[in-house]
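Here's a friendly briefing on one protein chain. Take a look at the structure below, and then we'll go through it topic by topic.

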Amino acid sequence: MTFLRLFPEKERPKSGADRAEYIQNLKATVAERSKRAERRAFRVRVPEMTVWVKELGGKEFPIRDLSVLGIGFVHGGTKFEPGMTLTLSMHEEGKPLLLGVVARVVRCDADVSGCEFVGLEGFQENFLSKIVLEKQKRQVHSVRKNAIKRAVM
């Protein structure tokens, strides 16, 4: 039923080449919607932030992206195994922002490790929300500013 609501009958061709093209486009649309649905929270790029991993003696890694549910960081060849539990401290320009955040490694690609936060305290979750919202505002402002510059040129 949901499928039919997403793709009304009046838009569905009845036969021929139009139908084949429609089905191809439909598959692409469903795949794209499924891909977007995998993301459970908005992520922001935070190149100015780093994460320190307690289990590695406070080794520092650049953060690639951050959300209220997790973090991605460039591991620089350090091997993290999915399922590992890490204690993280997030810093911006060398200043500590959030300390003692527990995260579980969910993926480790060639250059990036992805972790989900585990058992966040209320204040940690609130602080992460504020960080993400502030970064999101800055990114939106930057995009708008650049769009205005391009429109004026």
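In which helix does phenylalanine 123 lie? Phenylalanine 123 lies in helix H3, where helices (H or I, at least four residues) and strands (E, at least two) are DSSP runs, numbered from the N terminus. A quick heads-up: this is a predicted model, where local features need pLDDT of at least 70, side-chain atom pairs count only at pLDDT 80 or more, and totals for chains, interfaces and linings use all residues. Residues are numbered from 1 along each chain as its sequence is written, and side-chain values use heavy atoms, with hydrogens and water left out.

**Helix H3**

- Is phenylalanine 123 buried or exposed? Phenylalanine 123 is exposed, with a relative accessible area of 57%; here buried means under 20% relative accessible area, exposed means over 50%, and partly exposed is in between (1.4 Å probe, protein chains only).
- Phenylalanine 123 and leucine 98 are 25 residues apart along the chain, and their C-alpha atoms are separated by 9.8 Å.
- Some of H3 is tucked away: Gln124, Leu128, Ile131, Val132 and Lys135 are buried.
- What do the buried residues of H3 pack against? They pack against strand E1 (44-45), E2, E3, E5, E6 and E7, with contact meaning heavy atoms within 4.5 Å.

**The nonpolar core**

- The largest nonpolar core has 24 residues, and those with the most contacts inside it are Val51, Leu66, Ile71, Leu86, Met90 and Phe117. A core here is a set of buried Ala, Val, Leu, Ile, Met, Phe, Trp, Tyr and Cys residues joined through side-chain atoms within 4.5 Å.
- Two or more residues of this core come from each of these elements: strands E2 (49-53), E3 (59-66), E4 (70-74), E5 (85-92), E6 (95-108) and E7 (112-117), plus helix H3 (122-152).
- E6 gives the largest share of this core, four residues.
- In soluble globular proteins, nonpolar side chains tend to be buried together.
- Setting aside neighbours within four places in sequence, leucine 86 is in contact with Val53, Glu55, Phe73, Phe80, Val101, Val102, Ala103, Val105 and Cys115.

**Salt bridges**

- How many salt bridges does a search of the whole structure find? The search finds five, where a salt bridge is a side-chain nitrogen of Lys or Arg within 4 Å of a carboxyl oxygen of Asp or Glu.
- Lysine 135 forms a salt bridge with glutamate 48, and their closest N and O atoms are 2.6 Å apart. Lysine 135 lies in helix H3 and glutamate 48 in the loop between E1 and E2, so this pair ties together parts that are 87 residues apart in sequence.
- Lysine 135 is buried, with a relative accessible area of 6%, while glutamate 48 counts as partly exposed at 27% relative accessibility.
- Glutamate 92 also forms a salt bridge with lysine 135, with the closest N and O atoms 2.6 Å apart. Because glutamate 92 lies in strand E5 and lysine 135 in helix H3, the pair ties together parts that are 43 residues apart in sequence.
- Arginine 104 forms a salt bridge with glutamate 116, and here the closest N and O atoms are 3.2 Å apart. Arginine 104 is in strand E6 and glutamate 116 in strand E7, so the pair ties together parts that are twelve residues apart in sequence.

**Strand E7 and its partners**

- Five of the six residues of E7 are buried, so E7 is largely enclosed by the rest of the structure.
- E4 and E7 run antiparallel and are joined by five bridges; two strands pair if DSSP finds at least two bridges between them.
- The bridge partner of valine 74 in E7 is valine 112.
- E6 and E7 also pair in the antiparallel sense, over five bridges, and they form a hairpin with three residues between them.
- Arginine 107 stands opposite glycine 114 in E7.
- Serine 113 has its place in strand E7, and at 0% relative accessibility it counts as buried.
- Not counting residues up to four places away in sequence, serine 113 touches Ile71, Gly72, Phe73, His75, Phe80, Arg107 and Cys108.
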